[in-house]
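Please read the numbered points alongside the display below.

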Amino acid sequence: MKNFKFKRSLTLIAVSSLLSITVVSIPTVAQAAPACTTANYVTTCLGATTDTAPYMLMTPANFNGTVYLYSHGYRPNVPIPLGIPAYGGYTVTNTPEPAPGGNPQIIGALLAKGFAVMGSGFARQGWNADSAIKTNVELIDVFKKQYPKTTKVIAWGDSLGGFITQALAEKYPNLISASASFCMASDITPLMTVAGDALWGIKTFFDSTIKGGNYAAGPAGYAESMGDLVKVFTAIGAMQAAIVANPAAPAWPATSTVPAALKAVPSRSALVLIALMSGIPMQSAHFDSTSAPAGIPAASALSFQLAINPALAALENLANAAALGVLATHDLELQAGGAVFDNTATDYAARVSDEQFIWSSALSGNAGIGALLGYLAVVPRAKGNPAAIAKMASLTTHTGKVDIPTILFTGTADPVTAPGNQQSVVDKYAAYYAEKWEAVKKAKGYKRPANNQLALWSIPPAKYTKFTAAGSPDTSVAAAPGTNHCNFTVAQRLAIAELLAYASLTGKHLSGGPLLTKIRKAGNMTYDRGYNAPKMKYYGG
Amino acid sequence: MIRKTRRRGTWLAATVLAAGSLIATALPAYAETGVTRGEIKLGITLPLTGAASPGYNKIGNAMNAYFKYVNENGGVYGRKITLIQKNDEYSPQLSIAKTNELILKDKVFALVGPLGTANFTAVHKSVGLAKRGVPSLFLNTGFSGFAKKTSYPASFMILPSYAMEAKIIAQFLKENHAGKKLGIVYQNDEFGIDGMGAFKAAGTKFDVTVPYTSGSQSAATAQTWVSQLAAGGAQVVVFFGVTSATAPLLAVSAAAKYAPQWILGSVGSDPLTLRALGVPVAVLNGAQTPAGNPSPNDTSDEYIKQFQEINTKYNTGTAFDDYVLQGMNIGLMTVQGLRAAGSNPTRKGLISAIETKGSSFASVAYSPLGYSKTSNVGHTGYYMAVMDANGDRKPFGGTVKLYTTDSGSGPVVLSTFKRPAMPAKGLPSNS
């Protein structure tokens, strides 16, 4: 197997996109009425709800009565020192975001059609679903007071904002007429299980000094979590360098304390195992787990396809997921008052019982799998704080019970909110729908209840890894559709905005040919009621 | 007047509607995915290119040749079969993508002969075949796990399982190679789990054990296998893997003048493919192998004779070997399944038809088929064969001595099963 160089460092293409924020001037004190200015037939109002969360309303002169309420995704609730890849230099901000990423194309398109847009920056960052839901309810009231001709409110949001949006649809069907959750986060406990498993895996295999959770209170805990960020990126960087130097049998990082015998297994297989046991997808922004460089011998190509490319996919996805895992773990522990991850009873062998066959080559066969799992079985586990875990579990969760049209849309290789997040809400709604249909039948009815959930998926192409002329993977090209976190096009966003407008007006989803035509034109959107994304590991996936 | 006209119009519309519904009742319903008035669409994923493709890449075309023959002879209840082949390069992730294409874009009625254990495991898990109820007929893998009806309710095996094969080889070792130093080279995945588990249960102890990771096979890795086998003094070596691994193993052994008694597993022992991959025929001479089918050169066999004729006409230029035979036979079984599902086949009906009638289908293999309402098991046995100086395969001891068994703890027994006759002209007429 030939060596290769990456055209661009993996760690540099991590989740910086999460942090794109519209910068505007906002009042810092809650006030009864917003401050409004009008330019080019659009009135922009800035204000703050009673919890001091700043908001922005944008309304066109020809306002048609429908407003889109956007909920932004997770923003770290602590500043991040310079020098940390992807996040370094971040300061906590509650700048309001009235549309995805403050995208002017999206805002312009909606305003041009007479729709208004609005969004809050929320009072607290980090996992803020419970408070954000209240903020949004108040914001709807603010908007209606400002614009009494308002007839419909459409909710939409990304990631954590997708969670908030779904919760709004479940809890406030009287306020919301339709909703769309993009790349949604599911309930916090399964989500933190993914983060905990991934961090624990990196710690166990690559650097045992990573804390991975159970951070101290106050500034000491903040310092520990920042230290973890550095160590996680260092371990991932070391793995990248090792694979570049020797793809077939990369060395273990110098920080690894695994037994010498285990080091006979290529370290890349440990990366793959961490991804599989956490439920992180095996296709990443630039690695499709299928391609090999052109022109290498057939046997080497097969080995690259089955063993090397999957390891690189796992590496790239872990680079995206692990840092957010550290930040979210620190945040949730602050909120819950102790360690929220506990894997003392986790059977990692059972977790990967199916996948170990599928990824046998990448895991170095049964011998590799046995050795890696054997090590996980004997090393100390992370013990959580029961009271903190209970407190985390008491935060808002989804019921899946919606009686207004809702749309879900996610990439099937999203490394931060894996498609199992969306699938969990699909499953919950399916149970609710079955319940409703049973009730109809029991009452001797024959008409099926309306299907209020439209689940859409962005599935990566079969092959998309690009190689340079020298045969090295090229990670400087754009991420493939369906990969990366919340990686959607403006066309997809606007198609869903149109579907929402239709659903809001009619009370039902567009269906049949018109629906298929719309999503086909937007590109890389799949509507398939038979599609089942792998469940999150927490749910037995 | 206007009123009258309106009434008449309503009446006319009602009459037309009624007539329409009568017509609709009289005509067969073509509501099933992949089935139209004139066509049944089927799909297969398999490696058509790449290191794992030799031999396997012939299966789809062979199946297609058989379907062309059937189509030219009236099809299945008048419908022609279309087979769509997708190249998965033996990559499980690609198998998922290609199967999604077959189901969502091409809208096939059923999958036939999907190849590879890791590949089918990935597809089954990610594409949701069971939930969708997409029939997966006659899998080209012998992993015994696929016979679990509760997990794979819409899938049917055709090959005897790797566990059955290992049990039969174990019996053969006991009867013919007792006291020899034994070695084994095996693919270290579910292939190996099935095989090694069965060898262990049968009490076979190997003196030299050489696992290899799927995808790692090459001349360089084979060098290390041969060194281990030779150093351990293995006199009889069982090989349990794919052809792309058998070839370097035998080629490197020949170069090293290491010549144990080879026992080549059924999956990786097609002589024609091995020779095409550079294995000298002299190395194959005397190699022993479990076989389920007659030799593809045995024109005295009615199946072989018929399939060879079809191959000559519809698969022009392709040498007739075990892979072509396997493809044709899957075609034959598929046509019987489709016929058994009736003139308006549905996916559910096809699955039910194979469950209830599949065990009596005509098939080239000598052993019984195990289909039932509670079983997805395909063929259930092997005979041992030996290769000759021409690379042909003859029954060990001169006559077919068929062993049957199960994938569990059941005994290996000599079978007197008589396989069904080839349908006249190779065209099934079952219902």
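How many residues does the contact take from chain B, and how many from chain A?

1. The model discussed here is a predicted one. In it, chain B brings 33 residues to the contact, and chain A brings 28 residues. On the side of chain B that touches chain A, the elements giving two or more residues are α3 (92-105), α4 (117-132) and α6 (190-201) of chain B. The most comes from α4(B), which gives nine residues to that side. Sorted by class, the side of chain B that touches chain A consists of 15 polar, 11 nonpolar and seven charged residues.

2. Turning to chain B as a whole, its secondary structure amounts to 13 helices and 14 strands. Of its 431 residues, 56% count as buried. The C-alpha trace of chain B spans about 105 × 40 × 40 Å along its principal axes. A compact globule with 431 residues would have a radius of gyration near 22 Å, and the value of 24 Å for chain B agrees with this. When contacts in chain B between residues at least 6 apart in sequence are considered, 72% join residues at least 24 apart.

3. Chain B contains an open sheet of five strands with parallel pairing, in the order β2-β1-β3-β4-β5. The edges are taken by β2 (80-87) and β5 (155-157) of chain B; each has a single partner strand, so one side of each is left without a neighbour in the sheet. From one strand to the next, the twist averages 25°.

4. Within chain B, strand β3 (residues 110-112) and strand β4 (residues 136-139) pair in the parallel sense over two bridges. Opposite V112(B) stands L137(B), in β4(B). Helix α2 (residues 59-72) of chain B lies across β1 (39-46), β2 and β3 of chain B, and runs at about 170° to β2(B).

5. Which residues touch the most other members of the largest nonpolar core? That core has 290 residues, and the residues in question are V117(A), M118(A), I274(A), L318(A) and L500(A). Helix α7 (residues 298-336) of chain A gives the most to this core, with 23 residues. In soluble globular proteins, nonpolar side chains tend to be buried together.

6. The surroundings of I274(A) may be inspected in detail. Leaving aside residues up to four places away in sequence, I274(A) touches A198(A), G201(A), I202(A), F205(A), A314(A) and L318(A). Of these, L318(A) is itself among the residues that touch the most other members of the largest nonpolar core.

Definitions and conventions:
Residues are numbered from 1 along each chain as its sequence is written. Chains are lettered from A and ligands numbered from 1 in the order in which they are written. This is a predicted model: local features need pLDDT of at least 70, side-chain atom pairs count only at pLDDT 80 or more; totals for chains, interfaces and linings use all residues. Two residues are in contact if their C-beta atoms, placed from the backbone, lie within 7 Å. Helices (H or I, at least four residues) and strands (E, at least two) are DSSP runs, numbered from the N terminus. Ala, Val, Leu, Ile, Met, Phe, Trp, Tyr, Cys and Pro count as nonpolar, Asp, Glu, Lys and Arg as charged, and the others, Gly among them, as polar. Two strands pair if DSSP finds at least two bridges between them. Axes are lines fitted to C-alpha atoms, for helices over the stretch in contact, and angles run from 0 to 180 degrees between N-to-C directions. A nonpolar core is a set of buried Ala, Val, Leu, Ile, Met, Phe, Trp, Tyr and Cys residues joined through C-beta atoms within 7 Å. A residue is buried if 20 or more other C-beta atoms lie within 10 Å of its own, exposed if 12 or fewer, and partly exposed in between; C-beta atoms are placed from the backbone. The radius of gyration is taken over C-alpha atoms; the globule rule is 2.2 Å times the number of residues to the power 0.38.
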